[in-house]
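Notebook open, viewer open. I want to go through this one piece by piece and jot down what I look up.

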Amino acid sequence: VRYVKVEGEYLRLQDGWDTLSVEWDGRLPVQTSLPTVVFLLANVRSMTSLSVRNNQLGVAGWRAIIGAAERVASLTALNGCDRIRPIMEGGQSKLDLSGQDLGPRELAIPVGRLLPRSGASLTALDLSRNALGPAGMAAIAPGLETLTVLTALDLSD
């Protein structure tokens with residue numbers, strides 16, 4: 001399978017199920033046919049990079065995307081953030097996400113949802129240079145509340 005037609009638009013898997021990089025930025029099927037997209041992502045077993053920017057996924061959409069992404073052990077980058085694997089694995093003591101383009105909504109939602117996995121161990125978190133703004137901080141705040149041993153937090157620009 002190299003192309004899948006969803007709602008009249010093609011989603012490309014360049015090397016079929018062995019595709020390393022999936023770039024579905026601003027694609028209508030990602031926004032409207034999430035179960036199909038999740039199925040496809042869960043079956044691209046060697047994927048190392050996934051980009052689904054500008055899809056207005058929201059909390060439920062990100063929950064589904066992260067659920068699929070977690071089943072792909074080779075995934076190391078999500079929307080350009082090359083530090084997604086440690087966030088998904090949890091149990092981190094220090095996490096440097098500076099300059100990772102978390103933006104107000106692009107990665108702030110999944111990072112906020114995944115931070116609790118390091119809730120009892122994370123002592124230092126660097127979110128500097130991400131232009132989070134109020135929307136990004138609102139998305140990350142619930143995750144921050146679970147970081148019970150956090151002693152250093154950098155939110156500087």
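My entries follow, starting with the ground rules.

**Ground rules.** I am working with a predicted model, where local features need pLDDT of at least 70, side-chain atom pairs count only at pLDDT 80 or more, and totals for chains, interfaces and linings use all residues. Residues are numbered from 1 along each chain as its sequence is written, and side-chain values use heavy atoms, with hydrogens and water left out.

Strands here are DSSP E runs of at least two residues, helices are H or I runs of at least four, and both are numbered from the N terminus. Two strands count as paired if DSSP finds at least two bridges between them. I looked up Tyr3 and found its bridge partner in S2 to be Arg12. The hairpin has two residues between its strands, and Glu7 takes a positive phi near 50 degrees there.

**Open sheet.** Next I traced a three-stranded open sheet, ordered S6-S7-S8 with parallel pairing. Strand S6 (94-96) and strand S8 (152-154) are the edges, each pairing on one side only. I noted an average twist of 5 degrees from one strand to the next. (Axes are lines fitted to C-alpha atoms, for helices over the stretch in contact, and angles run from 0 to 180 degrees between N-to-C directions.) S6 and S7 are joined by three bridges, and Asp96 stands opposite Asp126 in S7.

**Ser118.** Is this residue, Ser118, buried or exposed? I have it as buried, because its relative accessibility is 4% (buried is under 20%, exposed over 50%, partly exposed in between, with a 1.4 Å probe and protein chains only). Ser118 sits in the loop between helix H5 (108-114) and strand S7 (124-126). Beyond four places in sequence, Ser118 contacts (heavy atoms within 4.5 Å) Gly90, Gly91, Gln92 and Leu147.

**Gln92.** Leaving out residues up to four places away, Gln92 touches Pro86, Ser118, Ser121 and Leu122. Its side chain reaches the backbone oxygen of Pro86 at 3.4 Å. I also checked Gln92 against Leu115: they are 23 residues apart in sequence and 9.4 Å apart in space, C-alpha to C-alpha.

Notes: A polar contact is a pair of N or O atoms within 3.5 Å; within protein, one must be able to donate a hydrogen and the other to accept it, and residues adjacent in sequence count only if both atoms are side-chain atoms.
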